[in-house]
Amino acid sequence: MPIAKCPRCKKLFEKSGSTVCAKCFPDEETDYDTVRDYVGRHPDCSAHEVAGETGVDEECVLRMIEEGRILNSASHEPVACGRCGQPAISLTKRLCQACLTELNTQILHEQSRIKLPPKEKEADAFAPAAASQGSGSSAPDSSGRVRDTIEKKRRL
Ligand SMILES: [Zn+2]
Ligand SMILES: [Zn+2]
């Protein structure tokens, strides 16, 4: 088993999974709970802030971040934009500033197209005109023919 120096009491100990010695392990776990609780309520805090607010040694806070036990924003991997791979500014949408602007422009463009459908309007105006023209041309023909036959009967 490898020998390591305990980061809390600076004594050498046999390292077996834990980063601190068996004597310091309960204290380390208590500090961990304290730090985890604080970071959970203040996700944007720095290690220095955590140490100052919780009374846990800053070195200890940094060690927990390094070990991946505590995740604050400073230790987070930067989120990459899902479209171009640049650092994202919107963590929930995973988009960078350029792609957010581009998508917003596209959405505005789509919305303005939905509001103005020019082709449907043209079709509506054309349809009634064609219908009235058809009925209008047949009506005078038939009435003219009726008048013709009446006049023929009168002459006879
Ligand atoms: Zn120790
Ligand atoms: Zn992008």
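Predicted model: local features only at pLDDT ≥ 70, side-chain atom pairs only at ≥ 80, totals over all residues.
I count a residue as buried if 20 or more other C-beta atoms lie within 10 Å of its own.

**Entry: the overall plan**

Next I listed the secondary structure. I found five helices and two strands in the protein chain. Reading along the sequence, I wrote the order down as β-β-α-α-α-α-α. I also checked the contacts between residues at least 6 apart in sequence, and 20% of these join residues at least 24 apart.

**Entry: Lys10**

I went to the loop between β1 (3–5) and β2 (12–14), where Lys10 sits. What is phi of Lys10? I read a value near 65 degrees, which is positive in a residue other than glycine. Is Lys10 buried or exposed? I noted 8 C-beta neighbours inside 10 Å, so Lys10 counts as exposed.

**Entry: α1 against α2**

Then I turned to the helix pairs. Helix α1 (residues 25–41) packs with α2 at an angle of about 115 degrees, and I have their axes 10 Å apart. The crossing of α1 past α2 is right-handed. Which residues make the contact? From α1 I noted Thr34, Val35, Tyr38 and Val39, and from α2 I noted Val50, Glu53 and Thr54. Sorted by class, this contact of α1 with α2 has four nonpolar, two polar and one charged residues.

**Entry: α2 against α3**

I followed α2 (residues 47–54) on to helix α3 (residues 58–67), and there the angle is about 130 degrees, with the axes 8 Å apart. That makes α2 oblique to α3. Here too I logged a right-handed crossing, α2 passing α3. On the α2 side the contact uses Ala47, His48, Val50 and Ala51, while α3 brings Glu58, Val61, Leu62 and Ile65. By class I have six nonpolar, one polar and one charged residues in this contact of α2 with α3.

A reminder to myself about spacing: an α-helix has 3.6 residues a turn, so residues three or four places apart point the same way.

**Entry: α4**

Last, I looked at helix α4 (residues 97–115), which has 19 residues. From its first C-alpha to its last, α4 reaches 27 Å, close to the 27 Å expected at 1.5 Å a residue. How many of the 19 residues of α4 are buried? I found zero, so α4 lies largely in the open.

Methods. Residues numbered from 1 in each chain as written. Chains lettered and ligands numbered in written order. Axes fitted to C-alpha atoms, helices over the stretch in contact; angles between N-to-C directions. Helix = DSSP H or I, 4+ residues; strand = E, 2+ residues; numbered from the N terminus. Parallel < 35°, antiparallel > 145°, perpendicular 65-115°, else oblique. Left-handed = near helix turned anticlockwise from the far one by under 90°. Contact = placed C-beta atoms within 7 Å. Nonpolar A, V, L, I, M, F, W, Y, C, P; charged D, E, K, R; others polar. Buried ≥ 20, exposed ≤ 12 C-beta atoms within 10 Å, placed from the backbone. Expected span 1.5 Å × (residues − 1).
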